[in-house]
Amino acid sequence: MKSNQMNFLRNTRGAAAIEMALVFPLMVFMYFGLVDLTGLVSLNRKVTYASDVMADLVTRSNTSILKTEIDDYYNAINMVMAPRAISSVRVEVFGFRIAGANISQIWSTNNGQGVSCGLAPSTGSMAGLMTVSNDLVVTRVCTTYAPYVASFLGTKLLGATTFTVKKVVSRRPRASLQLTCYQTTVAAGTVCS
C-alpha cells in the first residue's frame, strides 16, 4: 500500500494538463488585452493624424473657404481613418476671431456623422494663441472604440464597453490673418454654422 502511494506522488504524467488548465485562461486574457491595447493606440494615432490633416488643409485657404471645399477634405479624413467607416467618425471645424479682449466663434461646420464630440471648444486657453484680428481654426475629431475584452467581460473589468477617442488641434490661418467659411459663395454667402 505504501509503494502505491509513493508511486502516485511521483507520477507527473498529468502535471502538464493541470498547469495548462491554470495558465491558459490567463494567457488568452493577456492576448486579447494586448490586441485591445494595440488597437486603441492605433486608433488614437489615426484620430490625432486626422485632426492634424483637417487643420492643415483648412488653414491653407486664403481669406475664405467654401463649405464644399471642407466637404472634400472629409474624403481625406476618410482615407486616414480607413478601414474604420467614416460614419463612425465625427469631424468638427471651428473658426474663432479675437476682437479687442473678446474671443468669439465666427463659424463652425462638421461632417454630420454621429453625435457631437462635446461642447464648443473653450475660448479660455486661446488668448495666448491669438492676436487682434487674427483667427484661430480648431479641428476636433472623435470616435468610439469597443475593446474585445469588454464584449465578453462587460463593464466589470473596464468600467465601460466603449471608450471615446478624441483629439483637438488648433492652427492659425497661413495665407492671411482671417479665415471665414461660407456656405455657397463668398460675396453674398452665409457663414457656415
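Biologist: Among contacts with a separation of 6 or more, what share comes from residues 24 or more positions apart?
Modeller: In the protein chain, 69% of those contacts join residues 24 or more positions apart. Keep in mind that this is a predicted model.

Biologist: How many helices and strands are there?
Modeller: The chain has 5 helices and 6 strands. Along the sequence they run α-α-β-α-β-β-β-α-α-β-β.

Biologist: What about the overall dimensions?
Modeller: The C-alpha atoms fill a box of roughly 105 × 30 × 25 Å along the principal axes. The radius of gyration is 26 Å, whereas a compact globule of 193 residues would have one near 16 Å.

Biologist: And what fraction of the residues is buried?
Modeller: 34% of the 193 residues count as buried. The chain exposes about 11,600 Å², and carbon and sulfur atoms supply 61% of that area.

Biologist: Let's go inside. Which residues have the most contacts within the largest nonpolar core?
Modeller: Met-54, Val-58, Ile-70 and Trp-107 do, in a core of 26 residues. Helix H2 (15–59), helix H3 (67–81), strand E2 (89–99) and strand E4 each give two or more residues to this core.

Biologist: What's in the second core?
Modeller: The second core is separate and has 8 residues. Among them are Phe-94, Ile-103, Met-126 and Met-130.

Biologist: Phe-94, you say. Which aromatic ring does Phe-94 pair with?
Modeller: Phe-94 pairs with Phe-96. Their ring centres are 6.3 Å apart and their planes meet at 35°, so the pair is tilted. Both residues are buried.

Biologist: How many aromatic pairs does the structure hold?
Modeller: It holds 2 aromatic pairs. Besides the phenylalanines, there is Tyr-31 with Phe-32. Those ring centres lie 5.3 Å apart with the planes at 75°, so this pair is edge-to-face.

Biologist: Switching to cysteines. How many disulfides are there?
Modeller: There are 2 disulfides. Counting bonded cysteines along the chain, they follow the pattern 1-2, 3-4.

Biologist: Start with Cys-117. What is its partner?
Modeller: Cys-117 bonds to Cys-142, with the sulfur atoms 1.9 Å apart. Cys-117 sits in the loop between strand E3 (102–110) and strand E4 (135–145), and Cys-142 is in E4 itself, so the bond ties together parts 25 residues apart in sequence.

Biologist: What handedness does the link have?
Modeller: The link of Cys-117 and Cys-142 is left-handed, with -90° about the S-S bond. Both cysteines are buried.

Biologist: And where is the other disulfide?
Modeller: It joins Cys-181 to Cys-192, with an S to S distance of 1.9 Å. Cys-181 is in strand E6 (residues 180–182), and Cys-192 is in the segment after E6, 11 residues apart. This link is left-handed too, with -55° about the S-S bond.

Biologist: Are Cys-181 and Cys-192 buried or exposed?
Modeller: Both Cys-181 and Cys-192 are buried.

Technical notes: Residues are numbered from 1 along each chain as its sequence is written. This is a predicted model: local features need pLDDT of at least 70, side-chain atom pairs count only at pLDDT 80 or more; totals for chains, interfaces and linings use all residues. Side-chain values use heavy atoms; hydrogens and water are left out. A disulfide is a pair of cysteine sulfur atoms within 2.5 Å. Helices (H or I, at least four residues) and strands (E, at least two) are DSSP runs, numbered from the N terminus. Buried means under 20% relative accessible area, exposed over 50%, partly exposed in between (1.4 Å probe, protein chains only). Rings of Phe, Tyr and Trp (its six-membered ring) pair if their centres lie within 6.5 Å; planes under 30 degrees apart count as stacked, over 60 as edge-to-face and the rest as tilted. The radius of gyration is taken over C-alpha atoms; the globule rule is 2.2 Å times the number of residues to the power 0.38. Contact means heavy atoms within 4.5 Å. Accessible areas come from the Shrake-Rupley method with a 1.4 Å probe; for residues, only the protein chains shown count as cover. A nonpolar core is a set of buried Ala, Val, Leu, Ile, Met, Phe, Trp, Tyr and Cys residues joined through side-chain atoms within 4.5 Å.
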